[in-house]
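Have the model open while you read.

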Amino acid sequence: MTRREFPSQSRLILGITILLFGGTTLQIAAELSRRDYLFESIRWTALFLASLAALAVPVALLIASWTEWWERLESWFDRGLGLLKQLGRFNLFFFLLIIAAYSFLILGPTGRYLKEFIPRLSLFWMTCLVGSVFLKAFAPQRSWIVVLSATWLLAGVGYRLLAFIPDVSTYPFTLSWSEASRYYYASLFLSERIYGEAVPLSPLHPSRYLMQAIPFTIPQLPLWFHRAWQVLLWLATAFGLAYLLNHRLSRNLPAAEEPRTKVGMEDRELVGILFVGMAFLFLFQGPVYYHLLLIPILLVWGFDRTRPWKAMALVIVASTWAGISRVNWYPVPGMLAAVLYFLEVDFEPAIGSNRFRSAVNYLSWPAIWILVGTLAASLTQAVYILWSGVEGEAFTSSFSSDLLWYRLFPNPTFPLGILPAAVLVSAPMLTLLARELRGLHLNRLAGLAGILVVLFTGGVVVSAKIGGGSNLHNLDAYLVLLLIMGGYALFQSIQRGKPGKFTGRLPSLSVLAAMSVIPVLMAISTGGYHPLPEKPVISSALNEIKGMVDQAVGRGGEVLFISERQLLTFNNLPLVGLVDPYEKVFLMEMAMAGNQVYLGSYYDDLAKRRFALIITDPLKDVIKGEEFSFGEENDAWVKRVVRPTLEAYRSKKLFKELSIEVLEPKP
């Protein structure tokens, strides 16, 4: 950095650092005061003083920037940077090491003290500042702003990748409420081989479980391998769509726009890397699940504006997959094709009485794709219902669930609220689109805006449904379409004029950096330290559960695994006969929907004391209400599952550390 660059750049960086460190210090002081630790505990007081010392450093540097001392500091810094330049590519190793160190602090034991967002952001900002030094030493021709922007984005991607590491675990029990249940549902595609009997398939997310079922084709693979496979699905589909979108947009760049010089090609490669990273993080703002990402991957890869029948074939294939995915994705393949068409094909209005005909001709293919795609998805679901062996009502349970409109705004389940969070993640892309779409014909604008509005509205309604979750994953289709449209705006590849005459330009690094701010902030707000029980505790619990199950089966009884059914799937317990109904994910869905037929069958089995044992999460008869996270979901579970169960069954053994309870019939 030259001395001329300093006042406009480094003072801003120091100012941001002071704000973040100051916020962290205040938060630490408030928390310690609340717990009466401040000046009462030597360890916690030392932490507070250390945060003050950390704050003092950027304050002192900012003051020094107006004094003659700064020239000496700048000279020392330049000498140190010169020494780092001698390391060459080793700087990349240290750059990655810094990112890994930050991830370890958040995901490791120290993460229990880094749950709040401001301390995390402060530490991440410090990671970026240190990492940018190594990146600058590796690429000294780049300006500091470019280097810091690239560091911010790459560090966010690095953390998001490393946050998957805890998911690849040998822990035999579920890592989260429904995590291990997903492997059981995936195993049902090969149920005769695994359980010795045909079991009805899941009506919820069949395409997801079909992808997760692939490792089951190889017998005896352990649970950790299936967890690793799921991580691979997350990464491969998100990076795959990001790469294909970048490849499609790069094709629209005229060769003349890129000088055949080393710097020019480096710029193109750097923009490609950063765009793929930004798009990857953008998809995780939902998140958009991997089984759904196959649909835009297919369309972005194969859509050809000059071959509408090929596009039709792609839409039908993608719609077939959508038909076993989610109801709100039925029209999405056709809408994706329509969006690509509106972006790549300009409308040329006719003169006089032919205006209406030209509009009909222009809009006919998008309308046909959407209509045919939706019909194909609906037909696929009808076929799957017949094949699955499940009653058709189970597939439409979500339509009878309650809508909790207050969750559109900040609430205990989702502190940001659906609408504020949606506006936050959409604002950069929508701002860019508003600028780039100016001057397009009304037919194109109406098509693009209409599709976005429909998908946004549908996602908001589904998000308000009980069980809708604590994030934006129900806005997945909207986010995918917004990313694709935003990518075309970034590369200025929205077609204007004659077909084939592209006017795309390489996005500026400053705009790309601005697009990455929110996705990175959303990424570092996720993940954390979640300690697992010690191995002796796990082994003891498994042996004790096995003993109780063997004893119950030896007496001719049945054992119902409401939870932890993967213990049978992966042979942690001997297969003792599978009781298929009443797995907790589907049981919860039926409880929220109030499906009286399904619940009535469960109540009858309870009254008959059908099960010698029930393995479940701890059953607590506690009504919470909307003041608590997932309060309504808890209350539906308590009223429709917990209370009826505890009328007929009582606790035999509670494994508190594992969150498992074994129930036995009441006399």
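Let's start with a loop: Arg609 is found between α23 (596-607) and β2, where helices (H or I, at least four residues) and strands (E, at least two) are DSSP runs, numbered from the N terminus. Keep in mind that this is a predicted model, in which local features need pLDDT of at least 70, side-chain atom pairs count only at pLDDT 80 or more, and totals for chains, interfaces and linings use all residues. Residues are numbered from 1 along each chain as its sequence is written, and side-chain values use heavy atoms, with hydrogens and water left out.

- Arg609 has a positive phi of about 55°, although it is not a glycine.
- For background, most residues other than glycine have a negative phi, and most peptide bonds are trans.
- Gly286 and Pro287 are joined by a cis peptide bond, with omega at about 0°.
- You'll find Pro287 in the loop between α11 (262-283) and α12 (290-302).

**Overall build**

- The protein has 24 helices and 4 strands.
- Its radius of gyration is 28 Å, close to the 26 Å that the globule rule gives for 667 residues, so the protein is as compact as a globular protein of that length. Here the radius of gyration is taken over C-alpha atoms, and the globule rule is 2.2 Å times the number of residues to the power 0.38.
- Taken along the principal axes, the C-alpha atoms fill a box of roughly 85 × 85 × 45 Å.

**The sheet**

- 4 strands make an open sheet in the order β1-β2-β4-β3, with mixed pairing; two strands pair if DSSP finds at least two bridges between them.
- β1 (558-561) and β3 are at the edges with a single partner strand each, so one side of each has no neighbour in the sheet.
- On average, neighbouring strands of this sheet are turned by 20° against each other, direction ignored. Axes are lines fitted to C-alpha atoms, for helices over the stretch in contact, and angles run from 0 to 180 degrees between N-to-C directions.
- Strand β3 (residues 649-655) runs antiparallel to strand β4 (residues 660-665), and 6 bridges join them. In this pair, Ser651 stands opposite Leu663 in β4.
- β3 and β4 form a hairpin with 4 residues between them, and Ser659 in the turn has a positive phi of about 55°.
- Strand β2 (residues 611-616) also pairs with β4 in the antiparallel sense, over 3 bridges. Thr616 stands opposite Glu661 in β4.
- Helix α20 (residues 535-554) lies across β1, β2, β3 and β4, running at about 150° to β3.

**Helix packing**

- Helix α13 (residues 308-322) packs on helix α15 (residues 355-388) at an angle of about 30°, with the axes 8 Å apart. That makes α13 roughly parallel to α15 (angles under 35 degrees count as roughly parallel, over 145 as roughly antiparallel, 65 to 115 as roughly perpendicular and the rest as oblique).
- By class, the contact of α13 with α15 has 12 nonpolar, 4 polar and no charged residues. Ala, Val, Leu, Ile, Met, Phe, Trp, Tyr, Cys and Pro count as nonpolar, Asp, Glu, Lys and Arg as charged, and the others, Gly among them, as polar.
- Helix α3 (residues 69-85) and helix α5 (residues 117-138) pack at about 60°, with their axes 8 Å apart, and are therefore oblique to each other. α3 passes α5 in a right-handed crossing.
- The contact includes Phe77 and Lys85 of α3 and Phe134 and Lys136 of α5; its residues divide into 6 nonpolar, no polar and 2 charged.
- Helix α22 (residues 584-593) meets helix α24 (residues 631-648) at about 95°, with the axes 9 Å apart, which makes α22 roughly perpendicular to α24.
- Residues in this contact include Lys584 and Met588 in α22, and Glu633, Trp637 and Arg640 in α24. The contact of α22 with α24 divides into 8 nonpolar, no polar and 3 charged residues.

Definitions and conventions:
A crossing is left-handed if the near helix is turned anticlockwise from the far one by less than a right angle, and right-handed if clockwise. Contact means heavy atoms within 4.5 Å.
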